Each structure stands twice: as C-alpha cells, then as structure tokens.
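This report covers a predicted model.

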Amino acid sequence: MIMAIAAVIHLLVALLLAPLLLGVINRTKAVFAGRRGQPLLQLYADLAKLLRKGAVYSGTTTWVFRAGPLVTLAAVTVSLLVVPFAGVRAVGAFPGDFVLFAYLLAVARFFTVIAALDTGSSFEGMGASREVAFSALAEPALLVGLAALARRAGGASLSDCYEAVRLFDFGPNGGLPLLLIGAAFFVVFLAENARIPFDDPNTHLELTMIHEVMVLDHGGPDLAFVQYAAALKLWVLGALVVGILLPLRTGFVALDFGFGLAAMAVLAVATGCVESTKARVRLTGVPQLLVAATVLAGVGFGLTLR
Amino acid sequence: MSAHLGNGESIALGDLPVLSVAALRDEVIGGVARGRRLAAYFGAGRRGDALRVVAVVAGDDDGELLACAADVSGSYDALTPDCPQAHWFERELAEQWGVEPRGHPWLKPIRRIPDAFFRVDGEEVHEVAVGPVHAGVIEPGHFRFQCHGEEVLHLEIALGYQHRGVERALVGGPDRRTLAYMETLAGDTTIGHALAHALVREALGGGGAPPRALAIAGIALELERLANHIGDLGALAGDVGFLPTAAYCGRIRGDVLNATAQLCGNRFGRGLVRPYGLDHDVDDALREDLQRRLAAARQDFAVADRLLWDSPSVMARFEGTGLLSLDVCDEIGLVGPAARACGAERDVRQNHPHGIYRFVHIPICTWPTGDVFGRAHVRSIEVQRSFAFIQELLDSLPGGPVALERPAPPAADRLAVALVEGWRGEICHVALTGADGRFARYKVVDPSFHNWFGLALAMRGQQISDFPLCNKSFNLSYCGHDL
C-alpha cells in the first residue's frame, strides 16, 4: 500500500519537478562561466508564457505537424508509468515493460521527426536525418544495458531490474558490470537529451543543431509541449542513470525518496559540469561515442553471463 | 611600366601610366606571378566611351606599390583566367561600370542577388539555403550550399544586402560627412579605416601627423585588433560549445573596448583618428589608467587562452576544419590572419609599414596549417604581441602635440594609395582627385573583399555542420564588403 502511494507520488513529483532539472543544469553552467545565470524556475515561466500564446502554422504543414508535439508529450508521459524511482516500483510495471519503454521513446522520436519533415524545411530535414541516424546507434546501448540488468535481476520489468541494484554490491554481478552499464546509460542520457558533447542546447546555429532544429517551427502551446516533453525525457532517462549509479536504499521509503531526488540533482550538476568543460564533438564523431557506449553496455552484459 | 609609390604616398595623375589593355594585363598577371598581389582594381571614371581602370599591385617583399591604368571600352580580355586574384574585382567592375571582362569564368554581380546559383546535379545532392536573415544578431548574407549528405560539395556566397553606395557618396569630398563614412565603412574596423583615410589625405596634401599622434593611433589600432581577436576567440569557443573561454573572452573584449572608450569616449574608437592627427590626447592619468586596465585584461586573457588550447575536445574540433592550402591562399590573394594561418608572411605592418610601425616593429605571426586551428592560433599570438606592443608604446610616448593646427587640403589631380593592417587584414584606400582638389573617385577595399571567396573554398569537402565554426574563423564583414 505504501509502495503504491509512493509510486503515485513519484509520478506527480516527476511531472512537477522535471523542468527544474534543466534549471539546475543551467545554473551549474552559469556558475562555471562566472555568470549569475537565469532563475532556477525559468522553464516554468517559459512554459506558462508559451501556453498563453497562440500558435502559427505554416501553410505547407498538415495535421502531422500539429500532432507531433502532442504525441511526443503523450508517449514520454506514458513511459513515466513504467520507470521505477529510488527503490519504488513503477505504477505500471509488468514483465517486459522495458521494451515498451524503449519503443515509447521511439514513438516520441518518430513523431518529432515526421513533424519536422512535414515543414519541408531543409534545416529540419537535416536535423531529422541526424536524429534518426544517431538514435539508431543509441538504442542498442540502452537495450543491451537493460538486457544485462534483466539478466542479473532474473526479472523482466524495469522495476525488477532496478530493485536488484544495490549500492556497495561487489558481488560477481554487481560492481563492474553495473558501473559499465551506468556509464553507457549516462552517454545515452546525454545523447537522447541533446546535451553537449552531442548537441548544444544553447546554440543558435541551425546548421550545427540536431534536436533543436527539428522543433524550430513549433510555437506557442506546441512549443510548450515540446519543451515539457524534453524535460520529462530528461527525468525519465535520468532516473534510469541514477538508479544504477547512485542506488541509495535505507528501507525507509520517504528517506529513499529524498535520496533519489538528491541523486537527480547530482546528475543535473554532473551534466552541467560536462557541458562546462567539454566542447561538442564533431558530428562525424558522434557515432563513435555512441558505439563506445554500446560496447560498454555489451561488456557489462557479457560479465553478467558468467 | 607602372608608377612606383610607397604606402601612404601619392603621384600626379599625369605620372600614372595609361597602358594598353594588353600591357596592363601583362603588368598585373606578370606581377602576381612574381609573388605580388592585386591590392585594388577598379574603374576610376569614364572618359568619353572608354572606362579608365586602375590597378594597384602590392609587392610584399620590397614594400612597393605599383599603379597603372588602361582605358577599356565595351569589353576586354579578362584577367581572372590567368590571375584568380582579379576574380572578385572584375565582377565588381562589370557590375559598377557595365564593361565586360571577356572570358571571365563566373561573371555575375557581387552585390546583387543572383537569379541562379551554381548547382550540382545528382539525385542525392541536396541544396541548403541559409540567410539572408540569420538566427543570431548578425549582418545579412545568403549562403547556398550544394551538399551530399553532410558533406559540402560547393558553397556560393551572395552578398549585397548591406550596399549603401558609400563610394559614390564620397565623390566630391572631403567634406564634413567624409570621416563619418570612413568610421562606419565597417563598424568593427573604425580605427583601421579612419587611419587609412588619414593616410590618403596626408598623401594628397603632403606632410603628416606629429609623432605623438602616430604612437597613439598605433595604440588605438592595436586596441581594435585586441578587442576583435579576443572576441573572435571567445566566439570560436562558443561555436564548439566550450563555455569557459566563450564567457571569459566576451567579458575581456568588453574590457578592451572600455579602454578604447577611455581614450576617445567611444568604445569603437569613433572620433579619434583625423587627417594630420588625433582629436584626443593622452595625459599621464589616462596613460596610467590604460596601463592598469590592459595589464589586467592581459592577465585574464592568458587564463582564458590557456583553457582553450589545453582542451583536447576543442582542439579536435579546430584541427583539420576548413582547410586552405598556401597555394590556394596565394592564388586568390587572401589577406590578414586567414592568410597568415596558411603560412603566408603577409602583414602590412611589416611589408608596407606606415606611421608608428616604421619605428616600432611588431613581428609577423604565421602558422602553416590553414585550418580553423591556424586561424585561431594566429589570433591568439597576435593578441599577445599587440598587448606587448601597446605596453611598449605607452611606456615611451613621444611628446609634442597630437594634431597639426592647419591640415593641408588635398592637392589637385593626384592619386594616393594607403594600406593599413586592420584586424581583419589589409585595408586599401585609393583616392583620385580632380582639378578642384576634390575626390573624383574614392576606392575602398576592405579585407573582407579578398577573403569571402576563401571562405567558400575552405568549405569544400567539409561537414556542413562545421560551417558556422569555419565562418567564425574568418569572421568577415558584410557591410565592409558591400559598402
């Protein structure tokens, strides 16, 4: 009963706090650059502003373009239902839900991409082609890593997998495999969320963009949906990363939950640190990084087979 | 066959040799083949049916400027097939005067939007159009890429959105507006263009600015170089998403601009340089203030600079991006840091020294790689050299006045040439006066005029996603080109 309530609370907390993660990342970057930075709650203000606005649709677009942000937001929100957080099982956990999870993210991406192609803009076409090429390489890393987790947990739902992760687990299936899978997930986390070194969320240069360029034509509430979906995706994938790398469990649900939130904040600060100290890799170098992540996950998987 | 003159000198128009077109072709093509450069090539005005074209060829080894002219009517054999440096000049000539350089391989206007762009055929080739309205707050220009996937096969650059008709407005001067025009030819090169204009005026009228004015003008020119180079290094870091240097350099650039404002009341140096002197002097308090500000900026820059060069992720982006060989650089006549980054020893301050640079030397910085790394590296070294140069001058400012009390008016029927090494490269001003001592033609060649084509060539075979980085490494002026 307590767990069920905690799971619902996680849903609400995720929906509420996801935009804050971006605020923490931006604040970290501002501190590194010696700036004061935007308010922590800036994204909330942006979302409120965008929701009050009207949207402008180009005459060349069809219903696909309007459906894009909605379907993306819906898919990412549903994926939240199967993500465990801080030792709390997900509301919608069932065996094999990690496949659903991966493909909900794929649906979100698919609709972002065809909405971008629907505009007929050469910029958005380039962004779409990049997004598809790179996510095809990021997906194996995620799925191989999840397969390894499922193998060592002996269960096939994300919640089973993450329940079996313990801090200071130096057994044959803990320690190194978990570290490798965690590293692979961190890379996927950065790539899927369009962070440096894969993409630069701050740039204004369309020719260099991957994710941002696909949503250039969205405005008003549509843009709010896009931005909120991006924040939720950051939370969802972030929960998978901290669930492996910072699995603090005391047995007290409330305490674990607090630790989980703190771990998310640590992840956001770590992301900010990466973005402040690294330049973007050249676009041709992105596949190498993603393949490296797949290899890390693959080695982790191999180790769990012993 | 050509008239010889030095930088900042003038000759009587009667002494300007008017050759046949064939002889002018020989002079220019032969000179360029021997390692000289075409610094300016323009129409000076009509005489009946014929157009008088003037060519100025700069010899970087001997510091000589060779000027010659020819009368062409209707059409003539283009220089470009034998001398690619004339490419842009001849397109401009055709655009401004309606003469046709026969055999020019790509004859279309440079300041009007073309009806058609060069197209690469093929099912998998796609075209990307960027601009004229850009995502950042920058000037307008149109870039048309022919791409195969992410690879750029060809880039054509269409400019002209900033055309103001400045050269035409200068005819009949000098008057009260002339200096205002000069200081806004390219807003980021205020000191450079004002200095070139002052040199032209002094060459036409005889005499020159007093020593103290030369020293302070040199300081101002190097301050302009500092501000822009530091800003560029920060922007290059920003384009690859490297936050620390981008943030620090943005601030340090501001510090240098503020130092310029202390000097003359304007951050971009407007209202400082005048023919025959300066409008502002430096007293002891100001000198100490400048020394203090620049010492702090120098220290801060050293930190930001080291961060940039010590980051492997940044170097991985800079190295091998936007390559230009020394051969191509010489062939198309690049100038400024872009040329020096290809290994060319091309710097007006050394090759054709004027003013203070005759007495205090500043070493040329070159780098052989010709990529974004090279262009950034040359800037970084030049920043250090400019800091040292300014410090040296501030420590030993000559005494005396900063301006002559009675500037001489321009003499009649003369031609004057002035070269100045602006931060972007060689600025060339050529003035011809009429019988009344007024400008009959005033030609401005901004360094961007030479270098835009270099950017187009540097993009060949590159990733289209690297274009913004490449573009920033040249950082060319749109309004300086369009005039």
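24 residues of chain A are in contact with 25 residues of chain B, where contact means that C-beta atoms, placed from the backbone, lie within 7 Å. On the side of chain A that touches chain B, α1 (2–33) and α9 (253–277) each supply at least two residues. The most comes from α1(A), with 3 residues. By class, this side of chain A has 9 nonpolar, 7 polar and 8 charged residues. Ala, Val, Leu, Ile, Met, Phe, Trp, Tyr, Cys and Pro count as nonpolar, Asp, Glu, Lys and Arg as charged, and the others, Gly among them, as polar.

The model is predicted, with local features requiring pLDDT of at least 70 and side-chain atom pairs counted only at pLDDT 80 or more, while totals for chains, interfaces and linings use all residues. Residues are numbered from 1 along each chain as its sequence is written, and chains are lettered from A and ligands numbered from 1 in the order in which they are written.

The table lists values for each chain. Helices (H or I, at least four residues) and strands (E, at least two) are DSSP runs, numbered from the N terminus. A residue is buried if 20 or more other C-beta atoms lie within 10 Å of its own, exposed if 12 or fewer, and partly exposed in between, with C-beta atoms placed from the backbone.

| Chain | Elements | Buried residues | C-alpha extent along principal axes |
|---|---|---|---|
| Chain A | 10 helices, 0 strands | 52% of 306 residues | about 60 × 45 × 40 Å |
| Chain B | 16 helices, 16 strands | 55% of 483 residues | roughly 70 × 60 × 35 Å |

From the N terminus on, chain A runs α-α-α-α-α-α-α-α-α-α. The radius of gyration of chain A is 19 Å, which agrees with the value near 19 Å for a compact globule of 306 residues. The radius is taken over C-alpha atoms, and the globule rule is 2.2 Å times the number of residues to the power 0.38. For chain A, 78% of the contacts between residues at least 6 apart in sequence join residues at least 24 apart.

Chain B has 16 helices and 16 strands. Its radius of gyration is 22 Å, close to the 23 Å from the globule rule for 483 residues, so chain B is as compact as a globular protein of that length. In chain B, 69% of the contacts with a separation of 6 or more are between residues 24 or more positions apart.

Within chain A, α7 (residues 176–192) and α8 (residues 220–245) pack at an angle of about 165°, with their axes 9 Å apart. This makes α7(A) roughly antiparallel to α8(A), a term for angles over 145 degrees. Axes are lines fitted to C-alpha atoms, for helices over the stretch in contact, and angles run from 0 to 180 degrees between N-to-C directions. Residues of α7(A) in the contact include L178(A), I181(A), F185(A) and F189(A), and those of α8(A) include L237(A), V241(A) and I244(A). The contact of α7(A) with α8(A) has 11 nonpolar, 2 polar and 2 charged residues.

In chain B, L404(B) lies in the loop between α13 (372–395) and β14 (414–422). L404(B) is partly exposed, with 17 other C-beta atoms within 10 Å. Leaving out residues up to four places away in sequence, L404(B) touches P210(B), Y276(B) and G277(B). The C-alpha atoms of L404(B) and V378(B) are 37 Å apart, and these residues are 26 residues apart along the chain.

Technical notes:
Two residues are in contact if their C-beta atoms, placed from the backbone, lie within 7 Å. Angles under 35 degrees count as roughly parallel, over 145 as roughly antiparallel, 65 to 115 as roughly perpendicular and the rest as oblique.
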